[in-house]
Amino acid sequence: IKGTARYTVKPEDCEGHFGNDYAQIQLFRGVDQMESAAQTLALVWLALNPNSKGVPFLKEFGGAKFDQMVFPGDQLTLRAKLASKEPSIMEGDCEISRGKTVVSRIRGIRGTILPINLAMRIISRQRSARRT
């Protein structure tokens with residue numbers, strides 16, 4: 001099962017990558033590319049499960065390959081492929097391109113889908129644990 005998303009990188013997406021003397025270097029970070037890939041995969045899962053009250057929780061990445069730099073204003077196409085049809089598993093890959101040029105490949109995206117009430121309890125517990 002596949003899905004496609006499009007995103008234009010904003011200047012504010014690239015702020016804070018470097019500091020001090022290098023602050024003028026504006027790049028869309030690899031970690032942000034990985035996050036956008038995971039979000040695209042989650043949208044594919046949600047499209048298959050439209051009545052779900054589930055919340056995708058990212059667990060791990062198998063790997064990432066960055067072939068090109070991404071700058072503010074770049075128009076990206078994210079092509080995600082869901083590998084599992086299990087209702088509680090989000091698993092797959094995503095390729096990110098600018099026009100016909102592949103800029104990155106994010107492999108082995110894995111997550112779980114939790115019911116909203118369970119997700120809220122886990123979030124609450126983790127916040128509380130940090131306060132103590």
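Student: Which residue in S5 is the bridge partner of Leu82?

Tutor: Gly92 is the partner of Leu82. This is a predicted model, and the pairing belongs to strands S4 (residues 75–82) and S5 (residues 89–98), which are antiparallel over 7 bridges. The two strands form a hairpin with 6 residues between them.

Student: How many bridges join S5 to S6?

Tutor: There are 9, and S5 and S6 (residues 101–115) run antiparallel. One of the pairs to look at is Ser97 with Val102 in S6. This hairpin has 2 residues between its strands, and Gly99 in the turn has a positive phi of about 65 degrees.

Student: What span should the 19 residues of H1 have?

Tutor: At 1.5 Å a residue, H1 should span 27 Å; the C-alpha atoms at its ends are 28 Å apart, so the two values agree.

Student: Which residues of H1 are buried?

Tutor: Start with the general idea. An α-helix has 3.6 residues a turn, so residues three or four places apart point the same way. In H1 the buried residues include Met34, Ala37, Ala38, Leu41, Val44 and Trp45. The strands that the buried residues of H1 pack against are S1, S2 (54–60), S3 (63–66), S4, S5 and S6.

Student: Is Asp74 buried or exposed?

Tutor: A residue counts as buried under 20% relative accessible area. Asp74 has 13%, so Asp74 is buried. Asp74 sits in the loop between S3 and S4. Leaving out residues up to four places away in sequence, Asp74 touches Tyr7, Thr8, Val9, Met69 and Arg98.

Student: Which residue forms a salt bridge with Glu91?

Tutor: A salt bridge is assigned when a side-chain nitrogen of Lys or Arg is within 4 Å of a carboxyl oxygen of Asp or Glu. For Glu91 the partner is Arg110, with the closest N and O atoms 2.7 Å apart. Glu91 lies in S5 and Arg110 in S6, so the pair ties together parts 19 residues apart in sequence. Other salt bridges share partners, joining Lys65, Asp67, Glu95 and Arg105 into one network. Within this group, Lys65 and Asp67 meet at 2.5 Å, N to O. The structure holds 7 salt bridges.

Student: Which residues form a nonpolar patch on the surface?

Tutor: Phe18, Tyr22 and Ile25 do, with about 280 Å² of accessible area together. Tyr22 lies in the loop between S1 (2–8) and H1 (30–48). With a relative accessible area of 51%, Tyr22 is exposed.

Conventions:
Residues are numbered from 1 along each chain as its sequence is written. This is a predicted model: local features need pLDDT of at least 70, side-chain atom pairs count only at pLDDT 80 or more; totals for chains, interfaces and linings use all residues. Side-chain values use heavy atoms; hydrogens and water are left out. Patches are made of residues with over 30% relative accessible area and no salt bridge: like charges are joined within 9 Å, nonpolar side chains (Val, Leu, Ile, Met, Phe, Trp, Tyr) within 5 Å. Accessible areas come from the Shrake-Rupley method with a 1.4 Å probe; for residues, only the protein chains shown count as cover. Helices (H or I, at least four residues) and strands (E, at least two) are DSSP runs, numbered from the N terminus. Buried means under 20% relative accessible area, exposed over 50%, partly exposed in between (1.4 Å probe, protein chains only). Two strands pair if DSSP finds at least two bridges between them. The expected span of a helix is 1.5 Å times one less than its number of residues. Contact means heavy atoms within 4.5 Å.
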